[in-house]
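Student: I've got a new structure to look at. Can you walk me through it?

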Amino acid sequence: MASLINSKNNLLTLLVAGILAGMFLSRTAVAQNCGCDSTNCCSQFGYCGTDSDYCGTGCQSGPCLNSNGASVSDIVTQSFFDGIVNQASASCAGKSFFIRAAFLNSLSLFSAFGTIGTTDDSKREIAAFFAHATHETGFFCFIEENGGASTNDAYCNATYTDYPCAANKKYYGRGPLQLSWNYNYGPAGSFIGFDGLSNPETVATDAVVSFKAALWFWMRNVHPIVTSGQGFGATIRVINSIECDGKEPEKVAARVQYYTDYCNQLGVAPGDNLSC
């Protein structure tokens, strides 16, 4: 079992992930909350449409291209989920917060998660998501970034004027993928349906919102990497590039180990390009 994340390393993780997420967001300053009807796809950036720009790479829900109809609930069994969470100690706040039912509920907005490509592709995406969540939260032990509440850093980037920071609010890491920064909380909240800027703590108090926030980040930034077949190593670079290129090989190795373990449990080969 890898050692749990310390606050300094987690800060670096969130900083890089936030910067990368900001790169995506800069293309569409304010994304819609899709709310598409059943004939429309929800695009990577939250817009409804029917052509390949909406239903192709990055499609989040609706009649997405290359959908295989896989059942994520059949893949993420209670046994699989418990096998991760049960590795956290009994004293962990996240052990009773992060439950399978909340994860499955969160899929209502993201029907393309784990359903694009072949069935093996579905299993690899699911394994990748849970590998990163395991690493970021210590087997779902942590709901919030270690030391986040006491830090003086509010994770507020004032240059994102579409997502102004609320007074006395901090946008440090919360949830399975440790969502951070105002420019992530704002649009995530708009898409999911809560005030991410005024009430960022909702990501740490509502388990369904917490998983939805993680999947919001995943579908915009990681899902297109997965479905384009770039391999698990490319997902590490998106989530935390500071670990790549030999900078923190032990952390990369830990992520890869979780991923290959989960692929083995799901009965699928992990594929190529595992490391970054």
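**A first walk through the chain**

Tutor: Start with E136, which is buried, with a relative accessible area of 3%. Keep in mind that this is a predicted model.

Student: Where does E136 lie?

Tutor: E136 is in helix α7, which covers residues 119-137.

Student: And which UniProt annotation covers E136?

Tutor: The unreviewed UniProt entry has an "active site" annotation there, and it covers E136.

Student: Let me step back. How many helices and strands does the chain have?

Tutor: There are 13 helices and two strands. Of the 276 residues in the chain, 54% count as buried.

Student: Is S122 buried or exposed?

Tutor: S122 counts as buried, because its relative accessibility is 0% and the cut-off for buried is under 20%. Leaving out neighbours within four places in sequence, S122 is in contact with N68, A70, I75, G114, T115 and I116.

Student: E144 first. Which residues is E144 in contact with?

Tutor: Setting aside neighbours within four places in sequence, E144 is in contact with Y172, G173, R174, Q178 and A204. With Y172 there is also a polar contact of 3.1 Å between the side chains.

Student: How accessible is E144?

Tutor: E144 is partly exposed, with a relative accessible area of 29%.

Student: How far is the C-alpha atom of E144 from that of G94?

Tutor: They are separated by 8.9 Å, although E144 and G94 are 50 residues apart along the chain.

Student: Now Q178. What is its phi?

Tutor: Q178 has a positive phi of about 55 degrees, although Q178 is not a glycine. Q178 counts as buried, at 2% relative accessibility.

Student: Where else is there a positive phi in a residue other than glycine?

Tutor: N273 is one to look at, with phi near 55 degrees. N273 lies in the segment after α13, which covers residues 249-266. At 52% relative accessibility, N273 counts as exposed.

Student: Switching to helix packing. How do α8 and α10 pack?

Tutor: Helix α10 covers residues 207-221, and α8 packs against α10 at an angle of about 110 degrees, with the axes 10 Å apart. That makes α8 roughly perpendicular to α10, because angles of 65 to 115 degrees count that way.

Student: Which residues make the contact?

Tutor: From α8, they are N184, P187, A188, F191 and I192. From α10, they are V209, K212, A213, W216, F217 and R220. These residues of the contact divide into eight nonpolar, one polar and two charged.

Student: What about F211? Where is its place?

Tutor: F211 is in helix α10. F211 counts as buried, at 0% relative accessibility. Leaving aside neighbours within four places in sequence, F211 is in contact with F81, F98, I99, A102, F103, S106, F140 and P176.

Student: What does S106 touch?

Tutor: Not counting residues up to four places away in sequence, S106 touches V208, F211, K212 and L215.

Student: Last one. Why is α12 largely enclosed by the rest of the structure?

Tutor: Helix α12 covers residues 232-240, and eight of its nine residues are buried, so α12 is largely enclosed. The buried residues are F232, G233, A234, T235, I236, V238, I239 and N240.

Methods: Residues numbered from 1 in each chain as written. Predicted model: local features only at pLDDT ≥ 70, side-chain atom pairs only at ≥ 80, totals over all residues. Heavy atoms only, no water. UniProt positions renumbered as here; feature names shortened; annotations may be inferred. Helix = DSSP H or I, 4+ residues; strand = E, 2+ residues; numbered from the N terminus. Buried < 20%, exposed > 50% of the residue type's maximum accessible area, 1.4 Å probe, protein only. Contact = heavy atoms within 4.5 Å. Polar contact = N/O pair within 3.5 Å; in protein donor to acceptor, adjacent residues only side chain to side chain. Axes fitted to C-alpha atoms, helices over the stretch in contact; angles between N-to-C directions. Parallel < 35°, antiparallel > 145°, perpendicular 65-115°, else oblique. Nonpolar A, V, L, I, M, F, W, Y, C, P; charged D, E, K, R; others polar.
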